[in-house]
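Q: I am new to this structure and would be grateful for a close look at a single part of it, followed by a short account of the surroundings.

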Amino acid sequence: MPPDRLDFPLRVSAVMRRQVRDRTGEVLGRIADVETIAGPDGRERVTAVIVTAGRWGRLLGYESDEHTGPWLLERLARLILRRHTTRVPWPDVSLH
Amino acid sequence: MLIGLHLLDRQILDRDGEPVGKVDDVELDVDDDGTPYVAALLVGQQALGERIGGRLGAWIAGTARRLSPDYDRGPIRIPYDLVAEVDSAVNLSVHREVLPDPALETWLRDHIIDRIPGASDAS
Amino acid sequence: MKGGGVRRILSIALGILTAIGGFVDIGDIVANGEAGARFGIAHAWVLLLGVVGICVYAEMSGRVTAVSGRPVFDLVRERLGPRVALANLTGSLLVTVLTLGAEIGGVGLALQLATSVDYLLWVPVVAFVLWVALWRAKFSTLENVFGLTGLALIVFIIAFFRLGPDTGELWHQASHPGPPSGEDWGTYWFMAVALFASALTPYEVFFFSSGGVEERWTRKDLLTSRVNVFVGFPLGGLLAFAIMLTSATVFHPLDISVDALSQVAMPVALAMGKLGLAAAILGFFAATFGAAMETGLSSAYTVAQYFGWAWGKLRRPREAARFHIVLLVSILVGVAVLMTTIDPIQLTEYTLVFSAVALPLTYLPILVVANDRGYLGNRVNGRLANTLGTLYLIIVLAAAIAAIPLMLVTRMGGG
């Protein structure tokens, strides 16, 4: 099961900023955040990673939909940060 | 939940709303079926220093480690089961007394603050 | 409802005390006097710009604190991450601790005016009293005593009217911003940036939001927070303006320059005699002591909030040991800096450099979080707050970038 060669337990800080490739081996960018969903037992399981091609790891919160405005900051954030941001489902993630 | 946005660097409060620390790092473990899950919150300057990295981070972590009663104890670890709710803070379902004491706080309290008159008075 | 009125006045003490630290602390008292003497009131617009700016951001941070219980430095670390927040912490801590040193010196200078004993001899006494006050006294007592006594500076407003000012000339200066003959644009802008940056110092929002937590604000206190902001800061700005006005009225026509606290008080003595002078000195004392408390507490608030430690005067000291140690160390460092016999007033000018780092990195996360529904629900920023917030972020950024070159070019405004 992907991702390959991760030793658990593992710190999230060791995953952040790691380079992500898709299954064909093409580089998608670096991990900016890790998405989880709580199961019926309350356990937060990893479902996907948010990958950005930009240099900025931190997205200021503009990756979340709770967040809108102010207009200028939002535009800037989406322009610089979100342009190359993709959500990659965990099973498709390959770290190298 | 996004771990970076909603968890990392957020204030942790105990069941009475008393500060416990920040979420300085998050520990992931794997299920039997291989899916990673949030296992614990790591708290304290040791985890923070290791996360910051570089010479400065190593210095912060090293100082924290020297202060801790046991050099190899590792950072304070709060199992994620103890988290009751995540809003503008991470709220625990337990009282902070059941968690390990932060070493620096204990040391400063015992060696300096308690020796000053009025340390236990409410102002 | 006999106590209602008094309680209402006291409930805005936090806003007033916070504003005093921004507008009439030792550096600003002298800077406003100096600006008035050299440039007349050609910098009036800067004060207005500063008052509106700090109101916009203090309102946002008060709202975030009341609704979510989180003070400003929590937001800084959450949104900018541990590394950038550490850069902010370093910058704002340097500003705040250097200012703390300057304020302790300022209290000494006010006492020197009253007693003719050299201010350096007062410094250890002042530092000790300050520490005892912050160790023992209740937060609300401190803000009430020093916030309200600081209002003695209102004598500058009364003195201004008593001086029989040439309003036509003053209006001309205010409506034609720029350097008068004998001064150049570089120094004019340096002064402008210094006055603006001190109106928006980062420790004001740290102190104000932490004070809200100390007073256990909840969603119900949104109005209290707003009243604090919209009464406190304009009042602080008005006091600063009154100092500038009296100085512009008395010194500017005579081409006398002002660089000492005693000179700033002179117009009051001229207009109102000994009693007025006494009120001015009392005002200086309370304002500088209040600013010393604000900067001392802010230093400890920010460090504790960065690391997530227990903090605040609402806890017994032994339950916030790390917080009280940072407070103690900040006071000691402030005293140590003063003991090099550096001029306390000049000290506040150096803080401009560190403000350049700290200001944008403080206001950006406030603006971002004030738009976050996860935090504020339906209390997120409206269009006005966002427009002004964005505008001021740009101005702050510009001022931050301009501060250092201006400082070098004009040799700290010496011209």
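At what angle do the axes of helix α2 and helix α3 of chain B cross?

A: In this predicted model, the axes of helix α2 (residues 45-52) of chain B and helix α3 (residues 54-67) of chain B cross at roughly 165°, and they come within 7 Å of one another. Because angles over 145 degrees count as roughly antiparallel, α2(B) is roughly antiparallel to α3(B). The crossing of the two helices is left-handed.

On the side of α2(B), the contact is formed by Gln45(B), Gln46(B), Leu48(B), Gly49(B), Glu50(B), Arg51(B) and Ile52(B). Helix α3(B) contributes Gly54(B), Leu56(B), Gly57(B), Ala58(B), Ile60(B), Ala61(B), Ala64(B) and Arg65(B). By class, the residues of this contact comprise seven nonpolar, five polar and three charged.

Chain B also touches chain C: 27 residues of chain B are in contact with 26 residues of chain C. On the side of chain C that touches chain B, α5 (72-115), α6 (119-136) and α14 (321-338) each supply at least two residues. The largest share, six residues, comes from α5(C). That side of chain C has 10 nonpolar, five polar and 11 charged residues.

Chain A may be described separately. It has two helices and six strands, which follow the pattern β-α-β-β-β-α-β-β along the sequence. Of the 96 residues in chain A, 29% are buried. Among contacts in chain A with a separation of 6 or more, 51% are between residues 24 or more positions apart.

Terms used. Residues numbered from 1 in each chain as written. Chains lettered and ligands numbered in written order. Predicted model: local features only at pLDDT ≥ 70, side-chain atom pairs only at ≥ 80, totals over all residues. Axes fitted to C-alpha atoms, helices over the stretch in contact; angles between N-to-C directions. Helix = DSSP H or I, 4+ residues; strand = E, 2+ residues; numbered from the N terminus. Parallel < 35°, antiparallel > 145°, perpendicular 65-115°, else oblique. Left-handed = near helix turned anticlockwise from the far one by under 90°. Contact = placed C-beta atoms within 7 Å. Nonpolar A, V, L, I, M, F, W, Y, C, P; charged D, E, K, R; others polar. Buried ≥ 20, exposed ≤ 12 C-beta atoms within 10 Å, placed from the backbone.
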